Structures are given as C-alpha cells and as structure tokens.
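Student: Could you take me through one residue and its surroundings in this model, with the cut-offs stated as you go?

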Amino acid sequence: NTGTEADVSISVYGERGDTGSRQLLRSQKSKKFLKGHTDIFAVEAVHLGCLYKIVIGHNGLGSGNGWFLDKVVIKDPVTDLDYAFLCHRWLDQGQDDGKIARELPVTDASTFPGRQELELKREKTWAAEKWKFQKGITLQFYNRLTHGFICLYPDGRVDALGDKKNKYGKVFSIWMHA
C-alpha cells in the first residue's frame, strides 16, 4: 500500500526559473506509481540551469491515494547531469505529517557527501527502534566491564549496579571467521 492512484504533479525549480506545475501523465510503464517500481516521465521545459528544488505531490483523489516516495532523479539532457531529490516519506493525509505535497531540495553530493542519505538512514533506524522507548518498556544494557546488566525502567529509575543474575538478560557471543 505504498503506491497511489491519485494524479501526481511536479514543479521543477532552477536558477533560470521553474516549470510550473506539471502533471506526470505518461510513464514508460503501463501502470504508474506502484510499490517498488521506478517510473520514468519526459517533461518538456526550457533549460532551467542548475536545479535546486522540486515540489511534488498528488491531488488526494481516488482509492488508496497515499503514496510513499523514496526519491526523484532528474536527468538534464543538456548538461548530462543527474539531480537527486531525496524524500523517503509519505504523501498521505493519513500517514506521517498528513501532507500530500513535499518541497525537496536537491542533494548536492559534492557539497554534502551523503548527508541526506545518512539523515534518512537515521530516520529509518529511529522508526525501527523507537518502540524501545515507548511507555512501559524496560531497557537493559550489558556492561562488559562489570559483566552485569544496567536497567532503565519505565518510571525513570536506573539500576546501574550491574545485576549479574538478571533473569531477563541474555548475553550472546558471536564469532566470525573470514
């Protein structure tokens, strides 16, 4: 349920102006905006120079209109440059922050090598790990120095004495040989 049947449009902004809102109608694939697919569209426009942002969104119409957009790459046929715009968010009134349009700055690999990719990885990691910090969860950490467990309890208490006989604590050793 990460694709959309809604009408998707894009505005591309460069140093010489913008395209205005353009609906993405004809993909090179018969069905567009499906989960796990890459769609390719041709957008005719005057040369905008160096691109710095896009605004992409949908009209919110149709069943299953929510859409998870990973990224947009624009290939400039004049300069043969690729411009990447990372999103990795929902465009859905019922998910994330409820927005169905996003303004995305260009990812400039020469100025910010991998910074946005790292930020997306951080967000993905937090999304996967945030359950550990919900109400009622006790966190345990193994202290290799004391060979005991440090517990962070839901009520804010911390047991840092290093209970070596914690019945819930398990320690696994993993050895790898290459």
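Tutor: Leaving out residues up to four places away in sequence, Ser 11 touches Thr 19, Gly 20, Ser 21, Lys 53, Ile 54 and Val 55, where contact means heavy atoms within 4.5 Å. This is a predicted model, in which local features need pLDDT of at least 70 and side-chain atom pairs count only at pLDDT 80 or more, while totals for chains, interfaces and linings use all residues. Residues are numbered from 1 along each chain as its sequence is written, and side-chain values use heavy atoms, with hydrogens and water left out.

Ser 11 is found in strand E1, strands being DSSP runs of E with at least two residues, numbered from the N terminus. Ser 11 has a relative accessible area of 9% and therefore counts as buried, a term that means under 20% relative accessible area with a 1.4 Å probe and protein chains only. The side chain of Ser 11 reaches the backbone oxygen of Gly 20 at 3.4 Å.

Ile 54, one of the residues that Ser 11 touches, is itself in contact with residues that include Ile 10, Val 12, Val 72, Ile 74 and Phe 85, its neighbours within four places in sequence being left aside. Ile 54 is also among the residues with the most contacts inside the largest nonpolar core, which has 18 residues; such a core is a set of buried Ala, Val, Leu, Ile, Met, Phe, Trp, Tyr and Cys residues joined through side-chain atoms within 4.5 Å. Strands E1, E4, E5 and E6 (81-91) each supply at least two residues of this core.

Note on methods: Buried < 20%, exposed > 50% of the residue type's maximum accessible area, 1.4 Å probe, protein only. Helix = DSSP H or I, 4+ residues; strand = E, 2+ residues; numbered from the N terminus. Polar contact = N/O pair within 3.5 Å; in protein donor to acceptor, adjacent residues only side chain to side chain.
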